[in-house]
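Me: I'd like to go through this model with you and ask what stands behind each label. Could you set the values against the definitions as we go?

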Amino acid sequence: MGQGAAGAAGAVARGAADGPEWTGLPPGLLRMRRMLLVVWLGLLALAAGLLPGLLVGPAWAAFALLPLAAAAWGWVLLGRNWRSWRYAERADDLLISRGVLWREETVVPYGRMQLVEVTSGPVERHFGLASVQLHTAAAATDATIPGLDPAEAERLRDRLTELGEARSAGL
Amino acid sequence: MTTPGADDGVSRLPGAVPERRLHPVTPLRRAWAPIAVLVGWAVHDPDQTQRQLSRLTTTTLLVALAVIVPAAALYGFLTWWFTHFSVTDTELRIRTGLLFRRTAHIRLERIQAVDVTQPLLARVAGVAKLRLDVVGADKKDELAFLGEREARALRAELLARAAGFAPETAHEVGEAPARELLRVPPRVLAVSLVLTGATWGSLLAALVVPPVLWLATESVWTVLATALPLLGAAGAASVGRFVGEYDWTVGESPDGLRIDHGLLDRSHETVPPGRAQTVRIVEPLLWRRRGWVRVELDVAGSDNSVLVPVAPREVAAAVVARVLPGVTVPETASLSRPPRRAGRCLPVWWRGYGIAVTGAVFAARHGLLRRSLALVPHAKVQSVRLTQGPWQRLWRLADVRVDTGAGRTVTARLRDAGEAAELLHGQAERSRTGRRDARPDRWMA
């Protein structure tokens with residue numbers, strides 16, 4: 001379970017908050033996103049290089065540099081974005097903080113949770129990842145924790161459900 | 001009709017609660033639909049209609065009538081025959097569907113509001129529609145139509161059961177007495193509509209756009225196709241609103257807030273205590289001199305949102321205090337504005353923003369010309385979010401968003417970043433503790 005290592009990476013203490021225990025995401029999500037980025041932009045680079053290169057002239061193959069540059073930039077962005085994701089289970093509510101340029105911090109009191117969902121797509125399953133999504137009665141509540149270890153996701157789901165039942169308040 | 005009236009249509013299944021049927025005029029409620037289709041077709045293509053009509057002989061007409069009328073009548077009768085409803089201790093059950101069976105069980109303690117509406121024709125026939133607003137319920141889950149008296153009795157019974165009265169006495173509790181809080185005089189309503197920008201905007205559009213189009217294209221059809229919807233919108237915004245909001249009465253009763261309104265279509269809504277998720281006090285620019293406001297109310301699962309169409313500010317505040325017990329509407333002066341540097345993010349308009357946090361509500365105002373103050377009881381907050389874009393970060397500002405169960409988000413924009421972080425955690429804390437002294441779902445229990 002990558003929680004410990006990732007927790008250390010993500011738990012950059014913040015001055016304002018009076019020390020909630022932040023947990024970062026395990027590195028699996030970063031690996032998956034970077035691999036998807038490399039695969040898709042690699043294919044694009046291949047197409048952008050080969051097509052003009054063969055049809056017009058070899059010098060036009062330099063178009064392949066554009067997707068490669070995008071891939072390099074995206075590599076860095078994904079890393080920063082992954083580091084920005086973190087969550088904290090406090091006594092009465094769940095905190096989720098994310099985003100680098102557009103930062104967002106969400107607080108969901110346990111009593112307001114209507115449904116906790118664990119989802120995992122085919123690619124995510126291949127990388128051994130699962131997402132936990134929290135639903136409240138408000139549709140605007142956007143509380144998702146992506147890229148968790150499946151065991152951790154299930155533990156979180158069970159704990160949130162249990163806490164939600166204990167403090168249930170509904171609408 | 002071949003069957004007895006709805007009151008007698010009680011059939012007792014073994015070991016089940018008695019089931020009831022809707023009023024026998026129900027099959028007629030869609031009788032206008034085929035006629036509307038024909039009229040629509042005739043308007044859409046007049047030449048073709050003329051030709052078809054000239055070809056029709058009396059025989060074909062009679063044959064068509066002989067087929068269509070019984071078929072429609074049979075369909076209407078069967079849908080009515082197969083729709084049943086029953087009230088148990090905890091649920092309202094609706095069983096319907098001819099080919100596709102559908103059973104809806106609506107939990108009574110989850111009722112957010114009960115509406116009894118009477119469209120004009122239903123008033124003539126002496127019937128009414130009863131709808132329960134429940135989170136996640138469909139439009140289909142309304143009981144249309146019931147006898148007028150039966151609808152009122154059923155509403156009283158549903159509310160009594162939802163309130164937690166014992167099932168045996170729920171029948172006899174009857175309609176709770178209502179005390180009138182406010183009645184909007186027709187003159188005030190008319191003046192308020194005259195002073196509303198939307199009325200004039202739609203009228204102006206309806207008067208200006210068609211002539212301009214006529215000059216530009218000289219095509220009758222283009223002008224008609226744009227003029228008709230525009231005129232319709234203008235009519236809905238002026239006359240339609242006046243007719244709909246005519247004789248607006250807000251009353252208070254032990255089973256909730258009563259809202260009655262309408263000139264042609266009467267509608268009677270009941271919002272049980274503690275169901276309001278947010279309340280908004282809107283003050284259009286032209287109403288400010290007269291000190292009038294409009295109060296809107298968000299209830300989960302309900303699409304109607306007006307609580308008071310127009311009223312003096314003090315009267316509106318008194319009504320709000322009834323809807324949200326223990327809440328005083330914060331004075332304009334007591335709202336805290338964003339810091340001056342918010343002007344770098346949103347010039348001029350930043351002055352319109354302001355927030356106040358009292359013991360019972362989170363209040364946020366926005367708008368410079370048309371001011372709108374939104375109040376969220378702490379107990380109704382579902383989640384709190386803090387968002388900050390790059391430009392806001394530069395000026396150390398952040399937005400705090402409060403999500404409520406009615407799908408509405410109240411935003412405190414452009415607060416100081418430190419204050420916003422405090423607000424975020426403080427609001428989460430308040431919304432958690434705010435629940436403790438909230439009323440139970442069954443408010444009489």
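Me: What makes the link from β6(A) to β7(A) a hairpin, and how many residues does it run through?

Reply: A hairpin of six residues joins β6(A) to β7(A). Both are strands, that is, DSSP runs of E with at least two residues; helices are runs of H or I with at least four, and numbering starts at the N terminus. Strand β6 (residues 130-136) of chain A and strand β7 (residues 143-148) of chain A are antiparallel, with four bridges. Within the pair, Ala143(A) in β7(A) is opposite Leu134(A).

Me: Before we go on, what kind of model is this, and how are its parts numbered?

Reply: It is a predicted model, in which local features need pLDDT of at least 70, side-chain atom pairs count only at pLDDT 80 or more, and totals for chains, interfaces and linings use all residues. Residues are numbered from 1 along each chain as its sequence is written, while chains are lettered from A and ligands numbered from 1 in the order in which they are written.

Me: How do you know which part of chain A to read with care, and where does pLDDT stay under 50?

Reply: pLDDT is the predictor's confidence in each residue, from 0 to 100. Chain A has a mean of 84, with 88% of its residues at 70 or more. Over residues 1-17 of chain A, though, the value stays under 50. Where pLDDT is low, the predicted coordinates should not be read in detail. The model does have 29 contacts beyond four places in sequence for residues 1-17 of chain A; a contact means C-beta atoms, placed from the backbone, within 7 Å.

Me: What makes up the side of chain A that touches chain B, by class?

Reply: The contact takes 23 residues from chain A and 24 from chain B. Strand β4 (residues 103-109) of chain A provides the largest share of chain A's side, seven residues. By class, that side has 13 nonpolar, four polar and six charged residues. Nonpolar here covers Ala, Val, Leu, Ile, Met, Phe, Trp, Tyr, Cys and Pro; charged covers Asp, Glu, Lys and Arg; the others, Gly among them, are polar.

Me: How do you know that β4(A) pairs with a strand of chain B, and in which sense?

Reply: Five bridges link β4(A) to strand β18 (residues 381-388) of chain B, in the antiparallel sense. One partner pair is Thr106(A) with Arg385(B) in β18(B).

Me: Why do β7 and β8 of chain B stand at the edges of their sheet?

Reply: The open sheet has seven strands in the order β7-β6-β5-β11-β10-β9-β8 (chain B), with antiparallel pairing. β7 (142-147) and β8 (179-183) each have a single partner strand, so one side of each is left without a neighbour in the sheet. Neighbouring strands are turned by 20 degrees against each other on average, direction ignored. β7(B) pairs with strand β6 (residues 127-133) of chain B over five antiparallel bridges, and Ala128(B) has Leu146(B) as its bridge partner there.

Me: What makes the bond from Ala144(B) to Phe145(B) cis?

Reply: Its omega is near 0 degrees. Phe145(B) belongs to strand β7 of chain B.

Terms used: Contact = placed C-beta atoms within 7 Å. Pairing = 2+ DSSP bridges. Axes fitted to C-alpha atoms, helices over the stretch in contact; angles between N-to-C directions.
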